[in-house]
Amino acid sequence: MKKILLNILTHGDECIGKKVADEILRMYPNIIGEGLDIQIANERAYGEKKRYIDHDLNRVFPGNPMGSYEEKLANQLKQNISTYKLVIDVHSTESGSGDMVIVTKFDESTKNILAVLEPKYVLFMNIQPDRSLISSARIGLAFEMGSENDEKTFIKTMIGVKRLLSYFKLITPQDSFGFFTKYFEVFAQITKPSGAHLKNHIENFLLIKKGEVFAEKVDSSGITAEFDFYPVIFGSTNYETIFGFAARPLDP
Ligand SMILES: [Zn+2]
């Protein structure tokens with residue numbers, strides 16, 4: 001049996017799935033064929049930057065070969081979906097909720113996978129459970145980690161997907177090293193004259209170039225960077241005598 005299907009764009013306007021799939025392929029170029037497949041569910045809605053064309057695809061399973069665009073699509077997709085051990089369906093939500101994995105079955109095999117994944121919230125959708133895409137899967141998990149444009153949504157979804165890939169032995173922890181995580185080495189402290197404050201544009205992990213004015217003294221004179229560095233644990237009030245630390249990228 002085929003292992004994992006990473007299903008994206010069930011809702012054509014939720015591009016988080018595309019971002020995650022692209023990142024997985026970048027990190028693990030050989031993973032297709034080793035047990036992971038990626039499926040764009042609603043390609044046409046994605047192309048038209050819409051949630052759906054006629055009907056919400058996630059409400060019309062198992063579909064209808066004579067029905068609307070999405071009903072036909074659901075009917076085509078369900079066959080493929082049912083051939084995998086696990087289907088991950090990646091969504092985003094603007095509802096304000098997040099950190100959720102939605103399931104439409106709560107059987108032993110689903111519970112076992114949820115125990116591996118350990119999401120903050122599990123939602124057993126027991127209202128019309130047969131209408132969603134994951135309902136056609138043996139084990140189906142719908143990721144709803146948060147808002148589309150929140151970087152945390154991407155990171156949480158990536159961590160979850162990778163945990164499942166690792167559980168199915170498609171990747172090893174070493175495969176990840178140096179790719180997704182950014183490594184930094186702290187090499188200096190940056191002195192703070194009494195009462196000085198940072199310029200507004202300064203952000204942690206955002207490069208400060210040599211010669212750049214990154215702070216102001218009490219007399220409004222500028223403080224200039226003596227070398228390129230990434231500010232970390234940086235702030236005007238974190239520490240008494242330093243702004244924080246200077247870091248540089250670390251090659252793992
Ligand atoms: Zn969605």
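The model I am reading is predicted.

**Entry 1: helix α1**

With that cut-off in hand, I looked up the buried residues of α1 and found I16, G17, V20, A21 and I24. Looking down the axis of α1, I saw that these buried residues fall within an arc of 135 degrees, so they line one face of the helix. I then asked what covers them, and the list includes β1, β2 (36–40), β3 and α5. For the length, α1 has 12 residues and spans 17 Å from first C-alpha to last, close to the 16 Å expected at 1.5 Å a residue.

**Entry 2: helix α3**

Next I turned to α3, where the buried residues are E70, L73, A74, L77 and I81. Their cover includes β1 and β3. I checked the span too: the 13 residues of α3 reach 18 Å from the first C-alpha to the last, close to the 18 Å expected at 1.5 Å a residue.

**Entry 3: the sheet**

Which order do the strands take? I read six strands in an open sheet, ordered β2-β1-β3-β6-β4-β5, with mixed pairing. At the edges I noted β2 and β5 (121–124), each of which pairs on one side only. From one strand to the next, the twist averages 25 degrees.

I zoomed in on β4 and β6, which pair in the antiparallel sense over three bridges. There V101 stands opposite F143 in β6. Helix α4 (residues 108–117) packs on the sheet and touches β3, β4, β5 and β6; its direction makes about 170 degrees with that of β4. I also followed α5, which lies across β1, β2, β3 and β6 and runs at about 175 degrees to β3.

Last, I went for the nonpolar residues. In soluble globular proteins, nonpolar side chains tend to be buried together. Here I found that the largest nonpolar core has 42 residues, and that I4, L6, L86, V87, I88 and L141 have the most contacts inside it. Among the elements giving two or more residues to this core are β1 (2–8), α1 (16–27), α3 (69–81) and α5 (151–167). The most comes from β3, with five residues.

Setting aside neighbours within four places in sequence, I found L6 in contact with A21, I24, L36, I38, I88 and V161.

Key. Residues numbered from 1 in each chain as written. Predicted model: local features only at pLDDT ≥ 70, side-chain atom pairs only at ≥ 80, totals over all residues. Core = buried A, V, L, I, M, F, W, Y, C linked by C-beta atoms within 7 Å. Buried ≥ 20, exposed ≤ 12 C-beta atoms within 10 Å, placed from the backbone. Helix = DSSP H or I, 4+ residues; strand = E, 2+ residues; numbered from the N terminus. Contact = placed C-beta atoms within 7 Å. Expected span 1.5 Å × (residues − 1). Arc of directions from axis to C-beta. Pairing = 2+ DSSP bridges. Axes fitted to C-alpha atoms, helices over the stretch in contact; angles between N-to-C directions.
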